[in-house]
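Work through the exercises below with the sequence and the model open. Each task is followed by a solution in steps.

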Amino acid sequence: MEKISGIIFDMDGLILDTEAIYCECNVSTAPKYGLKGFDKAYYKEEIGLSEEHAYQKYLSDFDYVSKESIDGFYKESRQKVKDIFDTSGAPLKPGVIELLDYLKEQDIPCVVASSNTTEMINQLLSKANLLPYFKGIVSGDEVTHAKPHPEIVEVALEKLGSPAAETVMLEDSLNGIRASFTAGVPVIMVPDLLEPTEEAIEKTHRIKADLFEVLAYIQKTK
């Protein structure tokens, strides 16, 4: 890329190390409600899904238990996560402060585009003192179609005011990569719990090990 005029950040697993917390809370709660086979591998299948899509996936995949059991699992697992976030927030991913500080110095605007809820995004970013870095937030609540549909990326572009070709999206999930690719926004994958698939490799502009590597790449474009 010759010029970068804006950055779109995913949040879970990209800015904050939340996925491991979600995974542990889900896996530890599932047996209580009779959800068999809900392990780390299964959890990875829901990474990048909106809360509504994750809930519908549970209903479909665990159709041998009652809807009441799914509702109980959903409510308790999410409450466990909320309690942890209320108490201690979530750890920052390596390099996020350094990257955000650089983008601020260079007057490159940033927005968050996450499938998470508005409430959770604001809570976590506020607790981490990161909200001032971002020009805006687009949550799963604010769009009709969740990732991998490109709508959330398109709304983020509107908030940034930057051309798609001069914007970079930072993502850790395949659904986010698909959304960005369809929207015509170059995407850099920073893997978290998911390793790059062949599709991810094909659709990403770059794959970087962490946000320090992303920072080095962006600095080279200046």
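Buried means under 20% relative accessible area, exposed over 50%, and partly exposed in between, with a 1.4 Å probe and protein chains only. The model is predicted, so local features need pLDDT of at least 70 and side-chain atom pairs pLDDT 80 or more, while totals for chains, interfaces and linings use all residues. Residues are numbered from 1 along each chain as its sequence is written, and side-chain values use heavy atoms, with hydrogens and water left out.

**Exercise 1.** Classify cysteine 110 and cysteine 25 as buried or exposed, and state how many disulfides the structure has.

Solution.
1. Cysteine 110 has a relative accessible area of 3%, so cysteine 110 is buried.
2. Cysteine 25 has 5% relative accessibility and therefore also counts as buried.
3. A disulfide is a covalent bond between the sulfur atoms of two cysteines. The criterion here is a pair of cysteine sulfur atoms within 2.5 Å.
4. Searching the whole structure gives zero disulfides. For cysteine 25, the nearest cysteine sulfur belongs to cysteine 23 and is 9.3 Å away.

**Exercise 2.** Describe the surroundings of leucine 103.

Solution.
1. Leucine 103 belongs to helix α5 (residues 96-105); helices are DSSP runs of H or I with at least four residues, numbered from the N terminus.
2. Its relative accessibility is 0%, so leucine 103 counts as buried.
3. Contact means heavy atoms within 4.5 Å. With neighbours within four places in sequence left aside, leucine 103 contacts Ile7, Phe9, Ile108, Cys110 and Ile218.
4. Alanine 216 is 113 residues from leucine 103 in sequence, and their C-alpha atoms are 12 Å apart.

**Exercise 3.** Which residues does serine 180 touch, and is serine 180 buried or exposed?

Solution.
1. Serine 180 sits in helix α8 (residues 174-183).
2. Its relative accessibility is 0%, so serine 180 counts as buried.
3. Not counting residues up to four places away in sequence, serine 180 touches Val153, Met169, Val185, Pro186 and Val187.

**Exercise 4.** At what angle do the axes of helix α3 and helix α4 cross, and which residues make the contact?

Solution.
1. Axes are lines fitted to C-alpha atoms, for helices over the stretch in contact, with angles from 0 to 180 degrees between N-to-C directions.
2. The axes of α3 (residues 51-61) and α4 (residues 67-88) come within 10 Å and cross at roughly 140 degrees.
3. Angles under 35 degrees count as roughly parallel, over 145 as roughly antiparallel, 65 to 115 as roughly perpendicular and the rest as oblique. The helices α3 and α4 are therefore oblique to each other.
4. On the α3 side the contact involves Glu51, Ala54, Tyr55, Tyr58 and Leu59, and on the α4 side Lys67, Ile70, Asp71, Phe73, Tyr74 and Arg78.

Notes:
Helices (H or I, at least four residues) and strands (E, at least two) are DSSP runs, numbered from the N terminus.
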